[in-house]
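Here is a short walk through a structure.

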Number of protein chains: 2
Amino acid sequence: MVQPVPAVPRPHRSYLSFLECPRCGERISADRPANVCGCGSPLLCRYDLEAARADLSRDDLAGRPGNLWRYAELLPVRDAGAIVTLGEGWTPLLHLPRLGRRFDLDDLWLKDEGCNPTGTFKARGAAVGVSRALELGVTALRMPTAGNAGGAWAAYAARAGLPLLVVMPQDAPAINRREAVVTGADTYLVDGLISDAGAIVARYGARSTAFDAATLREPYRIEGKKTMALEIAEQFGWEMPDAIIYPAGGGVGIIGIWKALQELEALGWIRGRRPRLVVVQAEGCRPLVEAFAQGAEASEFWQGAATLAAGLRVPKALGDFLVLRAVRETGGTAVAVSDAEIMDAMGLLARQEGAWVCPEGAAAVAAAQRLRASGFFGAHDRVVILNTGTGIKYPDLVTATPPVLPRDGEIPGA
Amino acid sequence: MVQPVPAVPRPHRSYLSFLECPRCGERISADRPANVCGCGSPLLCRYDLEAARADLSRDDLAGRPGNLWRYAELLPVRDAGAIVTLGEGWTPLLHLPRLGRRFDLDDLWLKDEGCNPTGTFKARGAAVGVSRALELGVTALRMPTAGNAGGAWAAYAARAGLPLLVVMPQDAPAINRREAVVTGADTYLVDGLISDAGAIVARYGARSTAFDAATLREPYRIEGKKTMALEIAEQFGWEMPDAIIYPAGGGVGIIGIWKALQELEALGWIRGRRPRLVVVQAEGCRPLVEAFAQGAEASEFWQGAATLAAGLRVPKALGDFLVLRAVRETGGTAVAVSDAEIMDAMGLLARQEGAWVCPEGAAAVAAAQRLRASGFFGAHDRVVILNTGTGIKYPDLVTATPPVLPRDGEIPGA
């Protein structure tokens, strides 16, 4: 059979070496299913980047598949046969000239993750996480979710033929429960937050062999997310932008981007100043923003989390200390925006540039405007807004009551 | 500014020569805005394929942008500066091993157009149509739509800064009116069908300078759609599949695919038997299926069109004679499936392969099963199902009422 372009490049070699704890330094084998370190910290994948640097050139990427598996050497899946793909990644990077003029940012860009399978960036983490679980012999998965991760993992678990149990807040977007149900996941709602869902899934683990795939409780989801930064680098011709604005719930994406920057430097594929990593949260749930402002190393559990951006309704992220480190080490910042600003930014971007983004992405748009106004960004800074998903998953956020004409009617006026 | 990969390759030369009427043979200039031929037929773009064959090789495509503008020479936009893009095209082509086993089709594939901006294949036609309108000096657009085209054209018109008036049936999917409104289109609903919307837009044209961008009433939308076949060819290493199954409303996609096959042959990039082009409609609106069965050259207006697949609710397509010609000349067929079959196929594909497709795409899945059972397809035929959009635009088609657990609840049973 002819191997079509969407598949992984074959043959490939993953340069994965081991798992490492970024808090206590412990190293453990990457070739058995693993969750967190004994000290409670998430584990990170480490690669033999010296060997990769000797063997690989960024020019090798030209002509590779238009999905995240183009970076197979820097991903943890060793056997191409284990790859579970729906064609995720290699998403558009769009210049925003009109919105940029409004914001006085003449080099403003949108990395549009809405073009992924399942309509969000969660597809990246799910593709790599499910693939690696399959490769390591996992036979069932369980996870709590704020919504979109559950939809994505349900799709990839179905594609892999793995059963998945997923628990999400009752007020998660309606589309997410439908995604989970239609793809056959064993789905539950909880009258609470993602933290409550997490406790239920953890208790369930005591009487189940299903592998715990909660955010940062397995080390591979982040490897999928890091490919956003690999793509930004390649799409900009290996010149990193001045800043990347990221809407942070669990924060896996920003940790992944930060990790990718380190790996790209070790490979010698990028050099110079790292982009400032900017974290955006909602005013109604801003544990990372408060921790950043206070100079704290970790965040406090946010009481009464409330925002229309469901993906930002995460009161305490397991990787909060890593997010804060990434933001500080790159000279970034953390800002909170209101739900009203989110809705204004969503409408403005749609009318100016045609892109209807999710509320989390709209929060990043609002932050771009705010940070230019404050002088944090200069007018010529190259700024990338990371839009984590498509607006079409949130129809209820847009009111549309166009006039109804009779069958033989006329357009009024004019 | 560094030119990122998503943009068009520069410099490029469009090999567009003129517009030609496929019914009466009339040739007219391609460099003024044009609608249909004097004889009433749609017009098709013709290219200088001899020159293109001499200048271009399919190997030139390696390393090009991961969107449909990788085929810029075979598209009508002459000036890269006129290109209006949201990153459309270069969508995944996915092998379906599990569903294939169910259907006894061991080489079954899904071309997943749900990964386009706006979540459907309509983005392709809108990108090329809006770009070319902009290039030719059009200052406003008007169109009727069954729904998704309106959403896509609204997005690209906003991206281009062109005003758009759009009229859609009141029972078009709710998401489509939201897409149009959020991106700023002047949006109307009609208490009728797309044909009624078309009449209203046509009458409006008498007192407006807005350019008529209705299906096949301008010659460039089809050029965007044809890139689906260019991609299938390239993704399969220039070996065309045995069959392509396409859900036909207005039928522009299938005409575009047929046109692309001719162009690829003229370029010498593909050879051998053309894939059989299979058209799928819904039992409740099957004018092309009836015309095919009766050996008619054109279809009759279908009275009382009714199906849950809104994109198939087109009672009479302007390009019906071209669709029928494409199906017959390639040894294809035309089949109608019921709404119940559509829903079963949607659920089956989602559970077996993780892809949640739109009802129109699900109709093509149902047709694949039906045509294998009838013996029209052999077990080893390479069959491509063209999924025109994502299922997430149709949340109401999936019922999801998972159990609700209390905040401190437990997963039942086990």
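A residue counts as buried if 20 or more other C-beta atoms lie within 10 Å of its own. By that cut-off, buried residues make up 63% of the 414 residues in chain A. Keep in mind that this is a predicted model.

Stay with chain A for the overall picture. Its secondary structure comes to 12 helices and 14 strands. Along its principal axes, the C-alpha trace of chain A spans about 70 × 55 × 50 Å. Now take the contacts in chain A with a separation of 6 or more: 73% of them join residues 24 or more positions apart.

Next, move to chain B and find strand β8, residues 186-190. This strand is mostly covered, with four of its five residues buried.

Which strands pair with β8(B)? One is strand β7 of chain B, residues 164-169, which pairs with β8(B) in the parallel sense over five bridges. Here B:L165 stands opposite B:D186 of β8(B). Helix α5 of chain B, residues 174-182, belongs to this picture too. Together β7(B), α5 and β8(B) make a right-handed β-α-β unit.

The other comes from chain A. Strand β14 of chain A, residues 404-405, also pairs with β8(B) in the parallel sense, over two bridges. In this pairing A:V404 stands opposite B:L189 in β8(B).

How values were computed. Residues are numbered from 1 along each chain as its sequence is written. Chains are lettered from A and ligands numbered from 1 in the order in which they are written. This is a predicted model: local features need pLDDT of at least 70, side-chain atom pairs count only at pLDDT 80 or more; totals for chains, interfaces and linings use all residues. A residue is buried if 20 or more other C-beta atoms lie within 10 Å of its own, exposed if 12 or fewer, and partly exposed in between; C-beta atoms are placed from the backbone. Two strands pair if DSSP finds at least two bridges between them. A crossover is right-handed if, with the strands pointing away from the viewer, the path from the first strand over the helix to the second runs clockwise. Two residues are in contact if their C-beta atoms, placed from the backbone, lie within 7 Å.
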